[in-house]
Amino acid sequence: MAVLAKGGSSGSRLLLMAAICLLVFSGGAHGGSIAIYWGQNGNEGTLGETCATGNYAFVNLAFLCSFGSGLTPQLNLAGHCDAYSGACANLTGDIARCQSMGVKVMLSIGGGAGGYSLPSQQDALALARYLWDNFLGGKPAAPGGKRPLGDAVLDGVDFDIEGGDPDYYGALAAYLKSYGRGGGGREVPLSAAPRCPRPDQWGGQRPANGLFDYVWVHFYNNPPCQYAGGSAANLVDAWHQWTAGVDAKHIFLGLPASPGAAGSGFIPVGSLESQVLPALKTTSKYGGVMLWSKYYDDQDGYSSAIKNAV
């Protein structure tokens, strides 16, 4: 039986004990947030509607899928707008609304389709200039030029590199960070979306030297390190390799938002909440969950089902 300290009340003592027990049994666990990819299906709702759900802290606009080797960088937001005609500038209002809700809107470069590469230091510098001038803090590169998303200033750049020469993406990240530091103190948050095997196939985007703020690792379509057969053992082991070996502020668990979103790696809500998240949350770099994509999230309401557990 506990002995009350002299002058203390039983109520305050019980509250203190409850708080201590909560800390002990939580194992240092802490909460995170949800990131989502938006832009590759015209049936996934508008950007404004996506942010208004209140489920997401990050929205990655997917994708800037053409750049490097002399190509004119090109934004492709599938059924949402035609970037060639300048129609994507209509997203300016939605981007501002998202940001007013506290949602970070990131431009994702790369993706699984399109033609892109970064074969030289000069290509990396040219792309960094283009991204800064057209999506971040700079001015249009050409006099009278129009920014693809109008006057919107995005919150950062996401690297989802799935092909091409990997050597110069680290240089691109360094250039973007340097632009931010020279632009009135406005940092440029960077994220990366590598695959869960270590090292990632496209090693040039592997987060290094503290340049990346968020790393949402794809724990799907990679059986050796994903949830499978009701077991989280391989996933948790790979997770600890990432959190121990990568100098980044926050690591996210990248998942398909429905069984149809990927070939493998979907985790049922109950298993995610009971087996996976408790193990990941004990690491200080745990940032939350990344989902592919808004269209698939709409199918089963996955983010709504998991957000309180994330």
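Where is Ser-69 found? Ser-69 sits in the loop between β2 and β3; helices (H or I, at least four residues) and strands (E, at least two) are DSSP runs, numbered from the N terminus.

## Basis of the model

This is a predicted model, in which local features need pLDDT of at least 70 and side-chain atom pairs count only at pLDDT 80 or more, while totals for chains, interfaces and linings use all residues. Residues are numbered from 1 along each chain as its sequence is written, and side-chain values use heavy atoms, with hydrogens and water left out.

## The chain as a whole

The secondary structure of the protein chain comes to 9 helices and 9 strands. Of the 310 residues in the protein chain, 48% are buried. Buried means under 20% relative accessible area, exposed means over 50%, and partly exposed is in between (1.4 Å probe, protein chains only).

Among contacts in the protein chain with a separation of 6 or more, 70% are between residues 24 or more positions apart. A contact means heavy atoms within 4.5 Å.

Strand β9 (286-292) has parallel partners in β1 and β8. With β1 (residues 33-38) there are 4 bridges, and the two strands run parallel; Ser-33 stands opposite Gly-288 in β9. With β8 (residues 250-256) the pairing is also in the parallel sense, over 6 bridges, and Gly-254 stands opposite Met-290 in β9. Two strands pair if DSSP finds at least two bridges between them. β1 also pairs with β2 in the parallel sense over 4 bridges, and Trp-38 stands opposite Leu-61 in β2.

Both β9 and β1 are mostly covered: 6 of the 7 residues of β9 are buried, as are 5 of the 6 residues of β1. β8, helix α7 (residues 269-280) and β9 make a right-handed β-α-β unit. A crossover is right-handed if, with the strands pointing away from the viewer, the path from the first strand over the helix to the second runs clockwise.

## The largest pocket

The largest pocket has a volume of about 290 Å³. On a 1 Å grid over the protein atoms alone, a pocket is an open set of points where a 1.4 Å probe fits, with protein on both sides within 12 Å along at least five of seven lines; lining residues have an atom within 4 Å of a point. Grid points are joined across faces, edges and corners, and a volume is the space filled by probe spheres set on the points.

The lining has 18 residues, of which Phe-63, Gly-112, Asp-160, Glu-162 and Trp-292 lie nearest the centre of the pocket. β2 (58-68) and β9 (286-292) each supply at least two residues of this lining. By class, the lining divides into 8 nonpolar, 7 polar and 3 charged residues. Ala, Val, Leu, Ile, Met, Phe, Trp, Tyr, Cys and Pro count as nonpolar, Asp, Glu, Lys and Arg as charged, and the others, Gly among them, as polar.

## The second largest pocket

The second largest pocket has a volume of about 170 Å³. Its lining includes Pro-73, Gln-74, Leu-75, Tyr-84, Tyr-130, Lys-146 and Arg-147. Strand β3 (residues 71-75) gives the largest share of this lining, 3 residues. The classes are 7 nonpolar, 2 polar and 2 charged residues.

## Backbone exceptions

Most residues other than glycine have a negative phi, and most peptide bonds are trans. The peptide bond from Ala-62 to Phe-63 is cis, with omega near 5°; Phe-63 is in strand β2 and is one of the residues nearest the centre of the largest pocket. Another cis peptide bond joins Trp-292 and Ser-293, with omega about -10°. Ser-293 is in the loop between β9 and α8 (294-300).

Ser-69 has a positive phi, near 55°, and is partly exposed, with a relative accessible area of 47%. Asn-221 has a positive phi of about 60° although it is not a glycine. Asn-221 lies in the loop between β7 (214-218) and α6 (233-245) and is partly exposed, at 40% relative accessible area.

## Pro-189

Pro-189 lies in the loop between α5 (169-181) and β6 (190-192) and is buried, with a relative accessible area of 15%. Leaving aside neighbours within four places in sequence, Pro-189 is in contact with residues including Met-106, Asp-155, Val-157, Lys-177 and Tyr-214. The C-alpha atoms of Pro-189 and Val-157 are separated by 6.7 Å, and the two residues are 32 residues apart along the chain.
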